[in-house]
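The exercises that follow ask you to read a structure step by step, with a worked solution after each task. Please keep the sequence and the 3D view open while you work.

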Amino acid sequence: MNRYVLALACAALLAGCGSSVKLDDVAVEDKTGKAVGTVGAAGAAGAAGSAGVGTGALANSGVAPVDVNRSGAGAAALQGPRIIYFDYDSFVIKPEFQTVIEAHSRFIKADAARRAAVEGHTDESGGREYNLALGQKRAEAVRRALALLGVPDAQVEAVSFGKEKPAVEGNDDAAWAKNRRAEIVYR
Amino acid sequence: MVVGNVGLLSGHGLSVLAVDCFASPMRPLVQLIQSVSSMTLQPHRNLALLVRMLVAFVLAASVFPAMAQLRVEVSGVGLTQLPIAIAPFRGQDLVPQKLSTIVQADLERSGQFRATELAAGGMDELARPDLNAWRQKGADSLVAGSVTRLADGRYDVRFRLWDLTRGQDLGGQSYAVSQADLRQSAHRIADFVYEKLTGDKGIFSTRIAYVTKVANRYNLWIADADGENAQSALASPEPIISPAWSPLGGQLAYVSFESRKPVVYVHEIATGKRRLLANFRGSNSAPAWSPDGRTLAVTLSRDGGSQLYLIDAQGGEPRRLSQSSSIDTEPVFSPDGRTLFFVSDRGGSPQIYRMPVAGGSPQRLTFTGSYNISPTVSPDGKSLAYISRVNGAFRLHLMDLTSGNSVAITDSSSDESPSFAPNGRLLIYGTSNQGRESLTTTTLDGRVKTRLAGQSGEIREPDWGPLQKQ
């Protein structure tokens, strides 16, 4: 039965193309790349005028692929709310998030070895680099709020993901509101 | 071309299949059947699974249709285009690449040529054309050639360019290339023809870099200028943004989030060796090379806020360039290396400024609209392309730097990341249509736009590489 169905499916197909690249859905490994060989000799000699015909191989520098490790697991974290949401185009911390910040400030101060990061994000509207900078402002606003409560700067790093890591996919205001945020994470 | 269907198939632990040809959606099914045949489930589960996978791939094929190159021309533009006939190369039916098709697509994508349709066969680089017959087809020039397999497995590609109005042989070339370099030989031919007939440098054998996102997988690709022949320089589970070619084309700078914060790498393409250029406290982004390749401008938040710094290409301590409490980002050098264009919201909203690299007050350049970002300068230093938000739509604009006059050159709404071709005659940019991201080139007047073939899925962040020494 299995073979019959397979044969039917194969018969239904047109001739496949010759080359394909398979991407395995497995954890990637860090490896230094090696040059992909397609390099010919230096470039073709140019033809001058109507009578000349130049010859030569073509230069085409190869590309060596590099795979990147997945990031490792995080350190011990404070349970409970850790996300502060922002209004459109704003990095002002609204009063309803003060308790979240207070809770994390106590947690961080309790252990001088604790390292936290505040990760700033934006909604998807606008350019990537400008949104990276806007997310940075949100992260730094939270870090300043933590500092006001006595958290040393050395224990908190403010970074931004801009619009690259939305929490919610979608093009409506509800999704965008969930993406304008700063997250406190422990590393 | 990648067909991404991880979401539907990952539960079964199957591989994501990719096909790298100008393909119909049916072709991935060939590889699917091959992998199914190696499964070892019980027969009835196999059948149900196979049916579900076939359904999934039919759905995937409709969701991710094969992306062909699609050129759109504004009517009436034909008057400024050179009519040219490109005869099918003798022998090209027997080789993997249709060379005349690639040459024709290149020349038409420039917006400066209009190809005459013609019947196949009969011409090669040795044949003298019947001038009257070809002129009647409306062509002023003719390209004819041949491709022959050599004894060592390589291919001998030859062509000749004819001026049909004067009956003049404008020259030709021959190349001995591996199969992998066949496309490149066609691009070189297009460059030769373009340079002979327009006087401008051809850019068809240059390369572009861009980023794709398929499910949770990001790749930085290096492809031919037509989007084909892509090779992955970097694969990562975290985002990659802002690729920037070094001036000589051997390296790419980019921003990677692989260590859970944005950092800037400089990556040697041929070897895959890369080094961290900027990994300072906070966020590191927006790399831009100086024209002499010795310095990069970057945006760092190490001193609070996003500010501009210069850093030696070999790394080291950065020198701060901007001093403001606002966002300063997206630096780009002028071609003479003396001026930096950048984005700042010091005036209350993101606008484009320029300032001397040696120091001095920034001068604001954009005054229309409340959101102007992503500046890029033409190779002759006279024009600035950028993205401006107009009634909520993010649209590619071109500004004449002498007069300050600016015009929108697209009517799309999600344009991003413009980059000039190194001859200054085309722009590449990312755009999206009904949620599908793609790369598009456009002439500077906006009249001839071509959506590039290449990867499907989400494709963004193009950067056009430099002319390479021949």
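A residue is called buried if 20 or more other C-beta atoms lie within 10 Å of its own, exposed if 12 or fewer do, and partly exposed in between, where the C-beta atoms are placed from the backbone. The model is predicted, so local features need pLDDT of at least 70 and side-chain atom pairs count only at pLDDT 80 or more, whereas totals for chains, interfaces and linings use all residues. Residues are numbered from 1 along each chain as its sequence is written, and chains are lettered from A and ligands numbered from 1 in the order in which they are written.

**Exercise 1. A strand and its two partners**

Task: Find out how many residues of strand 12 of chain B are buried, and describe its pairing with strand 11 and with strand 13.

Solution. First, look at the cover: strand 12 (residues 251-256) is largely enclosed by the rest of the structure, because six of its six residues are buried. Gln251(B), Ala253(B) and Val255(B) point one way from the strand, while Leu252(B), Tyr254(B) and Ser256(B) point the other way, and all are buried.

Second, examine the pairing, for which DSSP must find at least two bridges between two strands. Strand 11 (residues 240-245) of chain B runs antiparallel to strand 12 and is joined to it by four bridges, with Ile241(B) standing opposite Val255(B). This hairpin has five residues between its strands, and Gly249(B) there takes a positive phi near 85°.

Third, move to the other partner: strand 13 (residues 263-268) of chain B pairs with strand 12 in the antiparallel sense over six bridges, and Ser256(B) stands opposite Val263(B). Six residues lie between these two strands, and Arg260(B) in the turn has a positive phi of about 65°.

**Exercise 2. From one residue to the core**

Task: List the residues in contact with Ala253(B), leaving aside its neighbours within four places in sequence, and then describe the largest nonpolar core.

Solution. Two residues are in contact if their C-beta atoms, placed from the backbone, lie within 7 Å. By this rule, once neighbours within four places in sequence are left aside, Ala253(B) is in contact with Ala244(B), Val264(B), Tyr265(B), Val266(B), Leu277(B), Pro287(B), Trp289(B) and Leu296(B).

For the next step, a nonpolar core is a set of buried Ala, Val, Leu, Ile, Met, Phe, Trp, Tyr and Cys residues joined through C-beta atoms within 7 Å. The largest one has 117 residues, and those with the most contacts inside it are Val103(B), Leu142(B), Val143(B), Ala233(B), Ala253(B) and Val298(B). Helix 6 (residues 182-198) of chain B gives the most to this core, with seven residues. A second, separate core has 18 residues, including Phe107(A) and Ile108(A).

**Exercise 3. A glycine in chain A**

Task: State how far apart Gly120(A) and Phe161(A) are in sequence and in space.

Solution. Start from the position of Gly120(A), which lies in strand 5 (residues 116-121) of chain A. Gly120(A) counts as buried because it has 32 C-beta neighbours inside 10 Å. Then compare the two separations: Gly120(A) and Phe161(A) are 41 residues apart in sequence and 6.0 Å apart in space, C-alpha to C-alpha. Finally, leaving aside neighbours within four places in sequence, the residues in contact with Gly120(A) include Gly135(A), Ala158(A) and Phe161(A).
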